[in-house]
Amino acid sequence: MEWTFDLGGRERFVVLDTAYGGDGFFHAAVASARVAGCRLHYIAIADSPLPGFRRLPQADGSVTLDLLNAPIELALAQLDARLDAIRVRGLAGQGSGFVRPLARLSLPGTLLAAEGLDSGQRDALTQASFVFGDSRTHAVFTTRKPVSPPRPPPAERRAIVVGAGLAGS
């Protein structure tokens, strides 16, 4: 599924991909962020035998890639982010337990691209305030519930270790 990103003059853009893989989607997001001059935080759920959270350094300092190696419901429960775009795929036969945590992470206007969902998953997304267009593959999150404003990006932290202490003697 091809999906172009309209970053609309944003300073940063946060994407969640539920099935990270080598299909070029990550690279398309990076290219769009470069053209727009904004920071990209790409959060991907990966199928890996090594569970946990990994931040993969990127050559481009304006791109952050985080891999969550866990089942989707567990990964979303641990995630603390405000998503601008979501790519949902690879969830056939996994039920709809991922929908409520996904809605919790979404802001009004969050874009959703869905691939390979069954009717129960699509219905659950609709009940959670995702409004699908005619294509039934793209939706926008809308809600009447009050939403806390997005948090500012965390300040860059640096540390300098001075002296060797006892270890150096």
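User: Is Glu115 buried, exposed or partly exposed?
Analyst: Glu115 counts as partly exposed, at 32% relative accessibility, where buried means under 20% relative accessible area, exposed over 50%, and partly exposed in between, with a 1.4 Å probe and protein chains only. Please keep in mind that this is a predicted model, in which local features need pLDDT of at least 70 and side-chain atom pairs count only at pLDDT 80 or more, while totals for chains, interfaces and linings use all residues. Residues are numbered from 1 along each chain as its sequence is written, and side-chain values use heavy atoms, with hydrogens and water left out.

User: Which residue does Glu115 form a salt bridge with?
Analyst: Glu115 forms a salt bridge with Arg87, and the closest N and O atoms are 4.0 Å apart; the term means a side-chain nitrogen of Lys or Arg within 4 Å of a carboxyl oxygen of Asp or Glu. This pair links distant parts of the chain, with Glu115 in the loop between β6 (106-114) and α4 (119-127) and Arg87 in strand β5, 28 residues apart. Helices (H or I, at least four residues) and strands (E, at least two) are DSSP runs, numbered from the N terminus.

User: And what else does the side chain of Arg87 meet in a salt bridge?
Analyst: The side chain of Arg87 also meets that of Asp17, at 3.6 Å from N to O. Arg87 lies in strand β5 (residues 83-88) and Asp17 in strand β1 (residues 12-17), so the pair ties together parts that are 70 residues apart in sequence. Arg87 is buried at 2% relative accessibility, and Asp17 is buried with a relative accessible area of 1%.

User: Which residues are linked in the network?
Analyst: Asp17, Arg87, Arg89 and Glu115 are linked in a network of salt bridges, and the structure holds five salt bridges.

User: What does Arg34 pair with?
Analyst: Arg34 forms a salt bridge with Asp60, with the closest N and O atoms 3.0 Å apart. Arg34 sits in helix α1 (residues 25-36) and Asp60 in the loop between β3 (52-56) and β4 (63-69), so that distant parts of the chain, 26 residues apart, are linked. Arg34 is exposed, with a relative accessible area of 54%.

User: Switching topic, is Gln121 buried or exposed, and what does Gln121 touch?
Analyst: Gln121, in helix α4, is buried with a relative accessible area of 0%. Not counting residues up to four places away in sequence, Gln121 touches Leu91, Gln94, Gly95, Ser96, Phe98, Val99 and Gly116, where contact means heavy atoms within 4.5 Å.
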